[in-house]
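Please read the notes below with the model open beside them. They are set out as numbered points, grouped by element.

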Amino acid sequence: MPAVIGQPAPEFELRDQNKELMSLDDLKGKKALIVFIPFPFTGICDAEGCAIRDGLGQLENLDANVVVITAHAVQTNAAWASQNDFTFPILSDFWPHGVVSDAYGTFNPDLGVAMRSSYVLDEGGIVREIIASESLGVAREHEAQIEALAAI
């Protein structure tokens, strides 16, 4: 069953770009922004990641954790993070391929990637907002994610 507003977010345990395990439980106790992206090293995904990087101070002021999840390998995510100076966790949903993206309801099996969806969680891990783009070619508005976190 996909993530639903008002319900607990699906559990996960994935490795970040530094090969460290991270789970949903690690995000609890603060608000959280879980951002699924389809393709690292592409213009739109780079821009969305850079918006998060450049807005980390604002996210911290909102008492929010942020993670990005891709269906790419840890090594790919590590190179992408290094190239863009991303210090926030980039989690790999590579194997079993897309299982977390699928649990959240954002996996596209035809392309083998997550669609552009963000999940805003409260301190207890309850989904409070879902922000999604209708198309892979259209970025989410970073400000909409900030506003959703501020509304909690």
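1. Buried means under 20% relative accessible area, exposed over 50%, and partly exposed in between (1.4 Å probe, protein chains only). Because 6 of the 6 residues of strand 3 (residues 31-36) are buried, the strand is largely enclosed by the rest of the structure. Helices (H or I, at least four residues) and strands (E, at least two) are DSSP runs, numbered from the N terminus.

2. On the source: this is a predicted model, in which local features need pLDDT of at least 70 and side-chain atom pairs count only at pLDDT 80 or more, while totals for chains, interfaces and linings use all residues. Residues are numbered from 1 along each chain as its sequence is written, and side-chain values use heavy atoms, with hydrogens and water left out.

3. Strand 3 pairs with strand 4 in the parallel sense, over 6 bridges; two strands pair if DSSP finds at least two bridges between them. Phe36 has Ile69 of strand 4 as its bridge partner. Strand 3 and strand 8 run antiparallel and are joined by 5 bridges. There, Ile34 stands opposite Tyr119 of strand 8.

4. The whole structure holds 5 aromatic pairs. Rings of Phe, Tyr and Trp (its six-membered ring) pair if their centres lie within 6.5 Å; planes under 30 degrees apart count as stacked, over 60 as edge-to-face and the rest as tilted. One of the pairs is Trp80 with Phe86: the ring centres are 4.9 Å apart and the planes stand at 80°, so the pair is edge-to-face. Trp80 and Phe86 are both buried.

5. Tyr104 and Tyr119 have ring centres 5.0 Å apart and planes at 65°, so this pair is edge-to-face. The pair links distant parts of the chain, with Tyr104 in helix 5 (residues 99-104) and Tyr119 in strand 8 (residues 117-121), 15 residues apart. Both tyrosines, Tyr104 and Tyr119, are buried. Together with Phe36 they form one aromatic cluster.

6. In helix 4 (residues 74-84), the buried residues are Val74, Asn77, Trp80, Ala81 and Asn84. They lie on the same side of helix 4 because they cover an arc of only 125° around the axis, taken from the directions from the helix axis to the C-beta atoms. On the other side, Gln75, Ser82 and Gln83 are exposed. The cover over the buried residues includes strand 1 (13-15), helix 2 (43-54), strand 4 (64-70) and strand 5 (90-92). Just after helix 4, Asp85 has a positive phi of about 55°.

7. Ile90 is in strand 5 and counts as buried because its relative accessibility is 0%. Apart from neighbours within four places in sequence, Ile90 is in contact (heavy atoms within 4.5 Å) with residues including Val68, Asn77, Trp80 and Ala81.

8. How many disulfides are there? The count is 0, a disulfide being a pair of cysteine sulfur atoms within 2.5 Å. The sulfur of Cys50 is 11 Å from the closest cysteine sulfur, that of Cys45, which is too far for a bond. Cys45 counts as buried because its relative accessibility is 0%. Cys50, at 17% relative accessibility, also counts as buried.
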